[in-house]
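I opened the notebook to go through this model step by step and to write down what I looked up.

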Amino acid sequence: MSGLILFSVIFGLINGQGSAVSKAVVDGAGEGITLCISMAGIICLWTGVMKVGEKSGLMDLFSKFLKPVTRLLFPKLKEGSEAHKYICMNMAANFFGLGNAATPFGIKAMSALAKQAGEKGKATRDMVIFTVLNTASIQFIPTTIAAIRSANGSKAPFEILPAVWMTSVLTAVCGVIVAIILCGRMNKNDCD
Amino acid sequence: MIAIEFIIPVIMAAIFIFGLFKGVNVFNAFVEGAKEGLLIMFKIAPVIIGLVAAISMFKASGGLDVIVYALSVPARLLSIPKEILPMAVMRPVSGSGALALLNNICKTYGADSFVGRISSVLAASTETTLYTIGIYMGSAGIKKTGATLPASLIAELFAIIMAVFSVRLFFH
């Protein structure tokens, strides 16, 4: 983030956009807090709903269901641990296109993984793979994109579904493989 | 498309019903969960404000145009249509910015055009990388993110190439 700011300031000055960049700081900060407020509503709604799911044993069901996947991606992760529970819920929510439900779980998962970690402030291999997985969104039904297409006169907004599935799954696979390669050391949870 | 929009309320209702069936005090559980959600928002709000401000500055500095210009030659070599480049560069940086550009592309070239389809597939297949990394790593206090950023950006590049390839495969 600091790199981005530095680049923007320097480049903005060179490009003659100094005043625009200054204005953007204030506007951006305002945008940020507005975004937080609007996010808070839907996130609280979903964390509330998911708590019901958690207490009714739904989360454990998902954990069992996703065991083969987590065993493959996070071999060092203890099944039944908090981190595992949250990772499974995050994956399940993402799959159903519930990004706002997935994010809180993702954050909880990262905290749980951080508790297990060796060096404080350094990302472990599990954390890296989990985050990379979340940056490649595997959406079953991309409703927002379809809405934009439909608004612009598309005859069949959902026709891109097979292409989306193919691209998003392969992108996720690519990301995870690259993360594993760059992390090296398969037997430890360190990431260098 | 009415059916699709009902999915979210249906899922919520299903979870509540399942909870009732299992004897859970649904109201109390909901409140407890929502409270946790609020705490999470407190945790990530500073990160979000910082990121949004930084990205707003990036957009204002005109850096986007320079990056697109720099990428136009390799894009041509990989037969990536240059019209999608602005959106492709914005995608990992700003979700709303990318969607605005997608809207633009669909308006200008048509949602069902070659370019329109590629942009749609790309937008649906990747996330806002910087936000995700920032929020996930920031909330857990991680400063050394290691391979996360390079891996995500390489995956983004892959997604661009894959989006072009898959649209060619399915439509042309």
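**Conventions.** I worked on a predicted model, in which local features need pLDDT of at least 70 and side-chain atom pairs count only at pLDDT 80 or more, while totals for chains, interfaces and linings use all residues. Residues are numbered from 1 along each chain as its sequence is written, chains are lettered from A and ligands numbered from 1 in the order in which they are written, and side-chain values use heavy atoms, with hydrogens and water left out.

Cys44(A) is in no disulfide, and the nearest cysteine sulfur, that of Cys36(A), is 12 Å away. I then checked burial, where buried means under 20% relative accessible area, exposed over 50% and partly exposed in between, with a 1.4 Å probe and protein chains only. Cys44(A) is buried at a relative accessible area of 12%, and Cys106(B) is buried at 1%.

**Helix H3 of chain A.** Helices are DSSP runs (H or I, at least four residues), numbered from the N terminus. Which residues of H3(A) are buried? In this helix, residues 58–65, I noted Leu58(A), Met59(A) and Ser63(A) as buried. They cover an arc of only 145 degrees around the axis, which puts them on the same side of H3(A); the arc is that of the directions from the helix axis to the C-beta atoms. The face turned away from the buried side carries the exposed residues Leu61(A), Lys64(A) and Phe65(A). I also looked up what covers the buried residues, and this includes helices H2 (18–55) and H6 (99–116) of chain A, together with helix H2 (7–21) of chain B.

**Met41(B).** I located Met41(B) in helix H3 (residues 26–61) of chain B, and at 5% relative accessibility Met41(B) counts as buried. Not counting residues up to four places away in sequence, Met41(B) touches Cys36(A), Met39(A), Ala40(A) and Ile43(A), contact meaning heavy atoms within 4.5 Å.

Rings of Phe, Tyr and Trp (its six-membered ring) pair if their centres lie within 6.5 Å, and I recorded four aromatic pairs over all chains. Phe74(A), Phe130(A) and Tyr136(B) form one aromatic cluster. A charge sits over a ring if NZ of Lys or CZ of Arg is within 6 Å of the ring centre and within 35 degrees of the ring normal. The charged end of Lys85(A) sits over the ring of Tyr86(A), 5.8 Å from its centre, and that of Arg117(B) sits over the ring of Phe171(B), 4.1 Å from its centre.

Terms used
A disulfide is a pair of cysteine sulfur atoms within 2.5 Å. Helices (H or I, at least four residues) and strands (E, at least two) are DSSP runs, numbered from the N terminus. Rings of Phe, Tyr and Trp (its six-membered ring) pair if their centres lie within 6.5 Å; planes under 30 degrees apart count as stacked, over 60 as edge-to-face and the rest as tilted.
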